[in-house]
Amino acid sequence: MSKEKEKKSYTKRTPEQFNKWRSLFQVLVCKFFYMIRFKLVYRLEVNGLENVPKDNAYIVCPNHLSTLDPPLVVGVLPRNISFMAKKELFDIKFLRWWIDWLGAFAVNRESLGPSTIKTVMAIKKSEWVFGIFPQGTRGVPGEIRGVTKGFAGLAKITKCAILPVGIVGTNEVKRLPFSGKIVVNIGKPIPYSDDIDDMVSKWVEAIQSLTGFKYIPDDTNPEKIGVKNG
């Protein structure tokens, strides 16, 4: 199988692929091993779990600071989560195996194709929930930059609410016990609607409130979002 075909096979998932084995693997890695580190080293604090819907008709949308963010969010929230991962990560053999078993799927961040929509719908049909970082890439602490509208478009198509999750502290690499501090604040779900711009604005405003970070608009971005700074 060519590299391109091999990579392509990681872009589309079926509900059956979110099975008990992947669920168990993600639980062991994120909810057990990573959570030991988060609690022992980072003195993890979580607020707002009561805001998490009981069903799985929502999209998990955190701000992004570090590679620790995906396992952190999985460890904190009650359901298994399938995150998007940039397709380049699937070029690395061991990493491809690792993130595949953790439930991630490959995407082209420049263009979300039909396979992405089909996979998100497949996740909704399973017991898992879909997760995406609206910033696309890791941001700077204290700032919210690079927000695109793809997550709101997926919420509209799949009729899923948006669950804003504010993360503070994962950018600081710590190893000694109780030397770090991570705070996760979970906001109230943002209902899906036909107004994509409004959903994006509400997410940014929620993340500003949950993190204390400031939204910095990108003047060069044609998808520039009109949001009030909190």
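Two residues are in contact here when heavy atoms come within 4.5 Å of each other. Buried is the other handy word: it means under 20% relative accessible area, with exposed over 50% and partly exposed in between, using a 1.4 Å probe and protein chains only. What you're looking at is a predicted model, where local features need pLDDT of at least 70 and side-chain atom pairs count only at pLDDT 80 or more, while totals for chains, interfaces and linings use all residues. Residues are numbered from 1 along each chain as its sequence is written, and side-chain values use heavy atoms, with hydrogens and water left out.

Let's start with the whole chain. It has 7 helices and 9 strands; these are DSSP runs numbered from the N terminus, helices being H or I with at least four residues and strands E with at least two. Of its 230 residues, 48% count as buried. Take the contacts between residues at least 6 apart in sequence, and 75% of them join residues at least 24 apart.

Now find the sheet. It is an open one of 7 strands, in the order β1-β8-β7-β2-β5-β3-β4, and its pairing is mixed. Two strands pair if DSSP finds at least two bridges between them. At the edges sit β1 (45–47) and β4 (105–107), each pairing on one side only. From one strand to the next, the twist averages 25°.

With β7 (residues 161–168) it pairs in the parallel sense over 5 bridges, and P62 has V165 of β7 as its bridge partner. With β5 (residues 129–131) β2 also runs parallel, joined by 2 bridges; here V60 is partnered by G131. How many of the residues of β2 are buried? The count is 5 of 5. In a regular strand the side chains alternate between the two faces of the sheet. In β2, Y58, V60 and P62 lie on one side and I59 and C61 on the other, and both faces are covered.

Helices come next. α5 lies across β3, β4 and β5, running at about 150° to β4. (Axes are lines fitted to C-alpha atoms, for helices over the stretch in contact, and angles run from 0 to 180 degrees between N-to-C directions.) The axes of α5 (residues 114–125) and α6 (residues 150–158) come within 11 Å and cross at roughly 55°. On the α5 side the contact is made by I117, V120, M121 and K124, and on the α6 side by L154, I157 and T158.

Just after α6, K159 takes a positive phi of about 60°.
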